[in-house]
Amino acid sequence: MSAARSGQLRDLLLRHSQPAIAGTIVCGAVIAAGSGQGHTIGTLAVAILVSSCVYWIAHIYIDSLAIVARGQERLPDALRHAAAHTWFLAGVSLIPLAVLLLAAALGAQVRTAATAALLATAGLLATYGAMAGRRGGLGLIGTTTSALGGAGLGLLLIAVKGLH
């Protein structure tokens with residue numbers, strides 16, 4: 001990936017960091033809750049996809065209502081606008097699903113694959129925190145604290161998984 005393309009991707013993520021972080025947490029929460037419930041990788045993957053799609057559709061709806069309430073567009077145009085500007089969020093939040101499926105393809109059992117996916121979730125959340133801290137000019141300590149906060153959310157999901 002070129003440096004320009006990488007920078008564009010980073011800027012896109014930072015502009016939409018709240019829904020990307022929330023989508024990643026939703027995906028991780030489904031993995032944490034579902035991995036100990038006797039699910040197969042397939043049923044867990046479907047649960048993750050459905051949950052992520054519901055989250056994305058809800059985000060489109062919320063953004064659309066805000067656009068309409070501000071008088072900027074009519075609802076059909078607002079829905080198209082919101083969908084066009086949030087597709088990235090659906091993809092970013094599914095990175096843990098890709099890790100889950102890769103681990104399973106490499107022979108991992110459901111719980112092990114789920115742990116790998118949740119570690120990836122913690123890594124993503126730490127990365128989002130570090131990127132936001134750096135972009136916000138927090139300095140080394142502030143950026144590190146922001147990254148640790150994201151990692152802490154990921155570790156909390158791993159702890160939830162341990163309860164099942």
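This is a predicted model: local features need pLDDT of at least 70, side-chain atom pairs count only at pLDDT 80 or more; totals for chains, interfaces and linings use all residues.
Student: Why are α3 and α4 called oblique to each other?

Tutor: The helices α3 and α4, the latter covering residues 75-92, pack at an angle of about 135 degrees, with their axes 8 Å apart. Angles over 145 count as roughly antiparallel and those from 65 to 115 as roughly perpendicular, while the rest, apart from angles under 35 degrees, count as oblique, and α3 and α4 are therefore oblique.

Student: How do you know that the span of α6 is close to the one expected?

Tutor: The helix α6 has 26 residues and reaches 37 Å from its first C-alpha to its last, which is close to the 38 Å expected at 1.5 Å a residue. After α6 comes Gly137, whose phi is positive, near 70 degrees.

Student: What makes Ile31 stand out in the largest nonpolar core?

Tutor: This core has 17 residues, of which Ile31, Ile48 and Leu100 touch the most other members. At least two residues each are supplied by α2, α3, α5 and α6, and α6 gives the most, with five residues. Leaving aside residues up to four places away in sequence, Ile31 touches Leu44, Ile48, Pro96, Ala114, Ala117 and Leu118. Apart from this core lies another, of seven residues, among them Ala20, Leu89, Val92 and Leu124.

Note on methods:
Residues are numbered from 1 along each chain as its sequence is written. Side-chain values use heavy atoms; hydrogens and water are left out. A nonpolar core is a set of buried Ala, Val, Leu, Ile, Met, Phe, Trp, Tyr and Cys residues joined through side-chain atoms within 4.5 Å. Buried means under 20% relative accessible area, exposed over 50%, partly exposed in between (1.4 Å probe, protein chains only). Helices (H or I, at least four residues) and strands (E, at least two) are DSSP runs, numbered from the N terminus. Contact means heavy atoms within 4.5 Å. The expected span of a helix is 1.5 Å times one less than its number of residues. Axes are lines fitted to C-alpha atoms, for helices over the stretch in contact, and angles run from 0 to 180 degrees between N-to-C directions.
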